[in-house]
Amino acid sequence: MSAEEAQEPPPDRRAEFAREARAERPDLARLCLLICAVADPSLTEHDLVGAEVELDRLAGMVPYATRFTGAWKDELAALLGGREGFVGVPADYQRLESSLLHEVLRRRRGLPILLSVVWLEVARRAGAPVYGMGLPGHFVVGFGDPAALDLADPFAGGRPMTAEDAELLVASATGEALDRSMLRPAEPGAIVLRILRNIRAWAAPRPERSDVALWAVELALLLPSHPARLRYERAELLVQRGDFLTGAAEMEAYAQIMDAVDPDAAAAIRHQAQAARARLN
């Protein structure tokens with residue numbers, strides 16, 4: 001490494017994430033890898049490129065004839081769920097690595113949405129008409145016309161799913177019947193927002209990992225479309241981590257938004273902000 005290279009500042013991964021998220025056609029794999037780089041600042045650009053190269057390698061193993069036969073689901077299940085061993089197990093829900101794409105590519109294990117990202121990126125590179133579908137409680141992939149519901153479950157190694165399977169899955173997760181509005185392809189921003197929500201859910205029962213919850217909510221706030229309540233969630237995390245003044249200011253800013261929607265909730269949030277400031281005394 002030259003002296004000039006040694007003096008170069010580290011890349012601003014959050015700024016790059018914000019730019020990519022606002023691109024006309026956001027790159028899903030790159031956004032997921034930038035999450036990895038924020039989670040582990042020791043990752044280099046070489047590491048991130050290596051993950052992209054692995055996705056390219058896997059795509060190159062999809063038989064070219066699939067472009068003509070259209071048997072994408074079968075071929076990807078045989079490759080990814082079979083020979084390459086991408087599959088999920090219940091223990092994956094307890095690991096942060098299950099939400100980090102570079103680790104999923106290394107371990108061949110992950111949450112349903114990350115295994116679906118692998119399928120999406122491999123299939124897209126191979127030329128498949130693929131999309132992601134975020135059902136309540138589970139993420140799957142589909143091929144062709146979304147109305148046809150030609151679905152596969154990457155968490156189960158690519159098990160084919162019928163419309164009836166999707167209905168049963170939604171019923172078991174929500175206790176309600178399947179609403180056709182749930183059957184829309186997910187855009188990259190929505191997929192990334194869901195990944196970050198999973199990371200925050202992993203960190204929530206682990207107070208010692210509030211640092212993870214904080215960077216996850218801060219990345220979510222960089223997405224063009226996100227719930228306004230994330231600002232309140234960030235404020236609570238700041239207070240939890242001892243930054244009482246900044247957290248209180250964030251709470252008050254959110255209370256101003258809530259004034260027009262729920263004045264009682266706004267008043268309660270202002271009371272929380274006062275309590276946070278009192279902790280400095």
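Reader: How do you know that strand 1 and strand 2 are joined, and in which direction do they run?

Author: Two strands pair if at least two bridges are found between them. In this predicted model, six bridges join strand 1 to strand 2, and the two run antiparallel. The count meets the cut-off, so they are called paired.

Reader: Which residues stand opposite each other in that pair?

Author: Glycine 134 has phenylalanine 139 of strand 2 as its bridge partner. Valine 130 stands opposite phenylalanine 143, also in strand 2.

Reader: What lies between the strands in the hairpin of strand 1 and strand 2?

Author: Two residues lie between them, and in this hairpin glycine 137 takes a positive phi near 80 degrees.

Reader: How do you know that strand 2 is joined to strand 3?

Author: Three bridges join strand 2 to strand 3 (residues 150-153), and these strands run antiparallel. The cut-off is at least two bridges, so strand 2 and strand 3 count as paired.

Reader: Why is strand 2 called largely enclosed by the rest of the structure?

Author: A residue is buried when its relative accessible area is under 20%. Six of the six residues of strand 2 (residues 138-143) are buried, so the strand is largely enclosed by the rest of the structure.

Reader: What makes both faces of strand 2 covered?

Author: In a regular strand, side chains alternate between the two faces of the sheet. On one side of strand 2 are His138, Val140 and Gly142, on the other Phe139, Val141 and Phe143, and all are buried.

Reader: Why is strand 1 called mostly covered?

Author: Five of the six residues of strand 1 are buried.

Reader: Why is arginine 108 counted as buried?

Author: Its relative accessibility is 14%, and the cut-off is under 20%, so arginine 108 counts as buried. Arginine 108 sits in the loop between helix 7 (101-107) and helix 8. Beyond its neighbours within four places in sequence, arginine 108 is in contact with Glu54, Arg57, Leu58, Glu84, Gly85, Phe86, Val87 and Glu103.

Reader: What lines the largest pocket?

Author: The lining has 17 residues, of which Arg124, Val130, Tyr131, Ala186 and Pro188 lie nearest the centre of the pocket. At least two lining residues come from each of helix 8 (112-126), strand 1 (130-135) and helix 10 (188-203). By type, the lining residues are 11 nonpolar, one polar and five charged. The space in this pocket is about 400 Å³.

Reader: How many helices and strands does the protein have, and why is it called as compact as a globular protein of that length?

Author: The protein has 14 helices and four strands. Its radius of gyration is 21 Å, close to the 19 Å that the globule rule gives for 281 residues, so the protein is as compact as a globular protein of that length. Along the principal axes, its C-alpha atoms fill a box of roughly 70 × 60 × 35 Å.

Reader: What percentage of the 281 residues is buried?

Author: Buried residues make up 47% of them. Of the contacts between residues at least 6 apart in sequence, 53% join residues at least 24 apart.

Methods. Residues are numbered from 1 along each chain as its sequence is written. Side-chain values use heavy atoms; hydrogens and water are left out. On a 1 Å grid over the protein atoms alone, a cavity is a set of points where a 1.4 Å probe fits but cannot get out, and a pocket is an open set with protein on both sides within 12 Å along at least five of seven lines; lining residues have an atom within 4 Å of a point. Grid points are joined across faces, edges and corners, and a volume is the space filled by probe spheres set on the points. Ala, Val, Leu, Ile, Met, Phe, Trp, Tyr, Cys and Pro count as nonpolar, Asp, Glu, Lys and Arg as charged, and the others, Gly among them, as polar. Buried means under 20% relative accessible area, exposed over 50%, partly exposed in between (1.4 Å probe, protein chains only). Contact means heavy atoms within 4.5 Å. The radius of gyration is taken over C-alpha atoms; the globule rule is 2.2 Å times the number of residues to the power 0.38.
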